[in-house]
Amino acid sequence: MDKTFSLEDRMRIIQEIVPGRQITLAHVIANPDNVLFERLNLSKGNEKARGAIGIVTMSPGEMSIIGGDIALKASGVEIGFIDRFSGTLLITGNVSQVEEALKELVEYCKNTLEFTVCAITRT
């Protein structure tokens with residue numbers, strides 16, 4: 001059976017990211033299992049940076065570069081991963097370092113840049 005499709009029969013989906021000024025996720029994973037570090041390829045050979053992982057997503061994506069700088073200057077964390085296109089930032093360090101870095105980052109974005117921010121969560 002031959003069927004012809006008209007334009008009305010086709011579904012068109014458009015996905016786009018509208019760059020807002022926001023932090024949509026700020027989370028601390030305290031004392032993660034080593035398997036998580038291995039799967040994420042974080043902190044190889046640096047046991048002191050394995051106490052916690054901080055995860056932040058923000059937009060615009062370029063903010064992850066500034067966020068990484070703020071996090072590094074706020075405490076002794078290390079950058080595990082940064083993606084200026086998606087706005088993802090992963091940091092590692094001990095629990096207090098990661099919490100302090102996220103706190104400073106969220107406060108700077110909220111108070112200085114007037115971003116919409118989320119609460120910092122922890123597991």
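Reader: Which side chains does Glu-99 or Arg-122 meet in a salt bridge?
Author: Each other's. This is a predicted model, and in it the side chains of Glu-99 and Arg-122 form a salt bridge at 2.6 Å, N to O.

Reader: Where do Glu-99 and Arg-122 lie?
Author: Glu-99 is in helix 3, and Arg-122 is in strand 5, residues 121–122.

Reader: Glu-99: what does it count as at 30% relative accessibility?
Author: Partly exposed. The cut-offs are under 20% for buried and over 50% for exposed, so 30% falls in between.

Reader: How many salt bridges does the structure hold?
Author: There are 2. Lys-73 and Asp-69 also meet in one, at 3.1 Å, N to O.

Reader: How far apart are Lys-73 and Asp-69 in helix 2?
Author: 4 residues. That separates them by about one helical turn, because both sit in helix 2.

Reader: Is Lys-73 buried or exposed?
Author: Exposed, with a relative accessible area of 66%. Asp-69 is partly exposed, at 34%.

Reader: Back up a step. How many helices and strands are there?
Author: The protein has 3 helices and 5 strands. Along the sequence they follow the pattern β-α-β-α-β-β-α-β.

Reader: Now the pairing. In which sense do strand 1 and strand 2 pair?
Author: Antiparallel, over 8 bridges. His-27 stands opposite Ile-55 of strand 2 there.

Reader: And strand 2 with strand 4: how many bridges?
Author: 6, again in the antiparallel sense. Val-56 has Leu-89 in strand 4 as its bridge partner.

Reader: What about strand 3 and strand 4, how many bridges join them?
Author: 5 bridges, and the two strands run antiparallel. Strand 3 covers residues 78–83. The bridge partner of Glu-78 is Thr-92 in strand 4.

Reader: Which residue takes a positive phi in that hairpin?
Author: Gly-87, with phi near 80°. The hairpin has 4 residues between its strands.

Reader: How many residues of strand 2 are buried?
Author: 7 of its 8, so strand 2 is mostly covered. For the protein, buried residues make up 37% of the 123.

Reader: On to the core. How many residues are in the largest nonpolar core?
Author: It has 21 residues. Those with the most contacts inside it are Ile-23, Val-56, Met-58, Ile-91, Val-98 and Leu-105.

Reader: Which elements each supply at least two residues of this core?
Author: Strand 1 (22–30), strand 2 (52–59), helix 2 (63–74), strand 4 (88–93) and helix 3 (95–111). Helix 3 gives the most, with 7 residues.

Reader: Where do nonpolar side chains tend to be in soluble globular proteins?
Author: They tend to be buried together.

Reader: Back to Val-56. What does Val-56 touch?
Author: Leaving out residues up to four places away in sequence, Val-56 touches Ile-23, Leu-25, Gly-87, Thr-88, Leu-89, Leu-102 and Leu-105. Another core, of 6 residues, lies apart from the largest one. Phe-37, Leu-42, Ile-53 and Leu-90 are among its members.

Reader: What does Ser-64 touch?
Author: Met-58, Ile-82, Asp-83, Arg-84, Gly-87, Thr-88 and Leu-89. That list does not count residues up to four places away in sequence.

Reader: Now the outside. Which residues form a nonpolar patch on the surface?
Author: Ile-65, Ile-66, Leu-72, Ile-79, Ile-82 and Tyr-108, with about 480 Å² of accessible area together. The largest share, 3 residues, comes from helix 2. Helix 2 and strand 3 each supply at least two.

Reader: Leu-72, then. Where is Leu-72 found?
Author: In helix 2. At 42% relative accessibility, Leu-72 counts as partly exposed.

Reader: Last one. What does the accessible surface of the protein come to?
Author: About 8,200 Å². Carbon and sulfur atoms account for 52% of that.

Terms used. Residues are numbered from 1 along each chain as its sequence is written. This is a predicted model: local features need pLDDT of at least 70, side-chain atom pairs count only at pLDDT 80 or more; totals for chains, interfaces and linings use all residues. Side-chain values use heavy atoms; hydrogens and water are left out. A nonpolar core is a set of buried Ala, Val, Leu, Ile, Met, Phe, Trp, Tyr and Cys residues joined through side-chain atoms within 4.5 Å. Buried means under 20% relative accessible area, exposed over 50%, partly exposed in between (1.4 Å probe, protein chains only). Contact means heavy atoms within 4.5 Å. Accessible areas come from the Shrake-Rupley method with a 1.4 Å probe; for residues, only the protein chains shown count as cover. Two strands pair if DSSP finds at least two bridges between them. A salt bridge is a side-chain nitrogen of Lys or Arg within 4 Å of a carboxyl oxygen of Asp or Glu. Patches are made of residues with over 30% relative accessible area and no salt bridge: like charges are joined within 9 Å, nonpolar side chains (Val, Leu, Ile, Met, Phe, Trp, Tyr) within 5 Å.
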